[in-house]
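Dear colleague,

I am passing on the structure we spoke about, and below it you will find my notes. Please read them with the model open beside you.

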Amino acid sequence: MMIKRHVDQVWDRLDQLYANGTTFISWGELYHWYDIQRIAKTPWRDIQAKWQELLEQKGEEYLDPQIAEVPGGISFFFSRKPGQLSKLAI
């Protein structure tokens, strides 16, 4: 069971993702927040459920954020209108 301040920190990152379109969660934070020895499905399922709840609260349909493994953790990206740089360069 996560302690309240860690739950709040996860929510803060999801709010950041929604408001700014990007956020980062380090591997160390995942281990610390979820008090786990190995990162398996549990933290990802919890983050996904919280993300779905946030979108429901905003009255939006679920859109899965994109992720990228980067040095030290995971970057999350959310856009209602995703595009590609190459299309902007035409």
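**The largest pocket**

The largest pocket is lined by Trp44, Arg45, Ile47, Gln48, Trp51, Tyr62, Asp64, Pro65, Ile67, Ile74 and Phe76. This is a predicted model, in which local features need pLDDT of at least 70 and side-chain atom pairs count only at pLDDT 80 or more, while totals for chains, interfaces and linings use all residues. Residues are numbered from 1 along each chain as its sequence is written, and side-chain values use heavy atoms, with hydrogens and water left out.

A pocket here is an open set of points on a 1 Å grid over the protein atoms alone, where a 1.4 Å probe fits and protein lies on both sides within 12 Å along at least five of seven lines; a lining residue has an atom within 4 Å of a point. The space in the largest pocket comes to about 230 Å³, the volume being that filled by probe spheres set on the points, which are joined across faces, edges and corners. α3 and β3 each supply at least two residues of this lining, and α3 gives the most, with five. Helices (H or I, at least four residues) and strands (E, at least two) are DSSP runs numbered from the N terminus.

**The sheet**

Three strands form an open sheet in the order β1-β3-β2, with antiparallel pairing, where two strands pair if DSSP finds at least two bridges between them. The edge strands, each pairing on one side only, are β1 (22-26) and β2 (66-70), and the twist averages 20 degrees from one strand to the next.

β1 and β3 pair over five bridges; in this pairing Thr22 stands opposite Phe77 and Ile25 opposite Ile74. β2 and β3 also pair over five bridges, with Gln66 opposite Phe77 and Ala68 having Ser75 as its bridge partner. β2 and β3 form a hairpin with two residues between them, and Gly72 in the turn has a positive phi of about 95 degrees.

Buried means under 20% relative accessible area, exposed over 50%, and partly exposed in between (1.4 Å probe, protein chains only). Four of the five residues of β3 are buried, so this strand is largely enclosed by the rest of the structure, whereas of the five residues of β2 the number buried is zero, so β2 lies largely in the open.

α2 lies across β1, β2 and β3, running at about 70 degrees to β1; axes are lines fitted to C-alpha atoms, for helices over the stretch in contact, and angles run from 0 to 180 degrees between N-to-C directions.

**The nonpolar core**

A nonpolar core is a set of buried Ala, Val, Leu, Ile, Met, Phe, Trp, Tyr and Cys residues joined through side-chain atoms within 4.5 Å. In the largest one, which has 19 residues, Val10, Leu14, Tyr34, Ile47, Trp51 and Leu54 touch the most other members. Two or more residues come from each of α1 (4-20), α2 (27-34), α3 (41-57) and β3 (73-77), and α1 gives the most, with five.

Leaving aside residues up to four places away in sequence, Tyr34 touches Met2, Val10, Glu29, Pro43, Asp46 and Ile47, contact meaning heavy atoms within 4.5 Å.

With best wishes
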